[in-house]
Amino acid sequence: MAHDQSDHGIPIQIDHKPYKAPKSPMTGLELRALAQPPITSKYDLWEETRGQGDDLKIGNNQDIPIEPGAHFYTALATINPGAFHGHS
């Protein structure tokens, strides 16, 4: 189901603060920049999933469909050399 939110933005929350996403999809980097203050690389960005599924860790270049009411949160990144999947 498509949402025409171009004039007002799509209401979302990042760390329990309300924001308006300007478009869908958005990349992890765009979501990080939307938050105030912007989310640094010291933190991972996650999307809270509804139901029993695991929350989704969002990569910087990953396109995320933005749904009205979506909740995102940050958590301190941990050092785990075997788990790095990012590419620049």
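Let's start with Thr27, which counts as buried because its relative accessibility is 17%, under the 20% cut-off. This is a predicted model, and Thr27 has its place in strand E3, residues 26-27. Leaving out residues up to four places away in sequence, Thr27 touches Asn60, Asn61, Gln62 and Asp63. From here we can look at the sheet, then at one arginine, and then at the charged pairs.

**The sheet**

- Five strands build an open sheet in the order E2-E1-E7-E4-E5, and their pairing is mixed.
- Strand E2 (17-21) and strand E5 (56-58) stand at the edges with a single partner strand each, so one side of each has no neighbour in the sheet.
- On average, neighbouring strands of this sheet are turned by 35° against each other, with direction ignored.
- Strand E4 (residues 43-47) and strand E7 (residues 70-76) run antiparallel and are joined by 5 bridges.
- Within this part of the sheet, Glu47 stands opposite Phe72 in E7.

**Strand E1 and its two partners**

- E1 pairs with E2 in the antiparallel sense over 5 bridges, whereas E1 and E7 pair in the parallel sense over 3 bridges.
- Strand E1 (residues 10-14) has a covered face with Ile10, Ile12 and Ile14, while Pro11 and Gln13 are on the uncovered face.

**Arg32 and Pro38**

- Arg32 lies in helix H1, and Pro38 lies in the loop between helix H1 (28-34) and E4.
- Is Pro38 buried, partly exposed or exposed? Pro38 counts as partly exposed because its relative accessibility is 47%.
- Pro38 touches Arg32 and Ala33, not counting residues up to four places away in sequence.
- Arg32 is buried yet has no salt bridge, and the nearest side chain of opposite charge, Asp44, is 4.8 Å away.
- That distance gives no salt bridge because the nitrogen and the carboxyl oxygen have to be within 4 Å.
- A polar atom of the Arg32 side chain does lie 2.8 Å from the backbone oxygen of Tyr43.
- Setting aside neighbours within four places in sequence, the contacts of Arg32 include Ile39, Thr40, Leu45 and Asn60.

**Charged pairs**

- Side chains of opposite charge can pair when their charged atoms come close.
- How many salt bridges does a search of the whole structure find? The search finds 2 salt bridges.
- In one of them, the side chains of Lys23 and Glu30 meet at 2.9 Å, N to O.
- Lys23 is partly exposed, with a relative accessible area of 38%, and Glu30 counts as partly exposed at 28% relative accessibility.
- Lys57 forms a salt bridge with Asp44, and their closest N and O atoms are 3.6 Å apart.
- This pair links distant parts of the chain, with Lys57 in strand E5 and Asp44 in strand E4, 13 residues apart.
- Lys57 counts as partly exposed at 42% relative accessibility, whereas Asp44 counts as buried at 15%.

Methods. Residues are numbered from 1 along each chain as its sequence is written. This is a predicted model: local features need pLDDT of at least 70, side-chain atom pairs count only at pLDDT 80 or more; totals for chains, interfaces and linings use all residues. Side-chain values use heavy atoms; hydrogens and water are left out. Two strands pair if DSSP finds at least two bridges between them. Helices (H or I, at least four residues) and strands (E, at least two) are DSSP runs, numbered from the N terminus. Axes are lines fitted to C-alpha atoms, for helices over the stretch in contact, and angles run from 0 to 180 degrees between N-to-C directions. Buried means under 20% relative accessible area, exposed over 50%, partly exposed in between (1.4 Å probe, protein chains only). Contact means heavy atoms within 4.5 Å. Lys and Arg count as positive and Asp and Glu as negative; His and the chain ends are not counted. A polar contact is a pair of N or O atoms within 3.5 Å; within protein, one must be able to donate a hydrogen and the other to accept it, and residues adjacent in sequence count only if both atoms are side-chain atoms.
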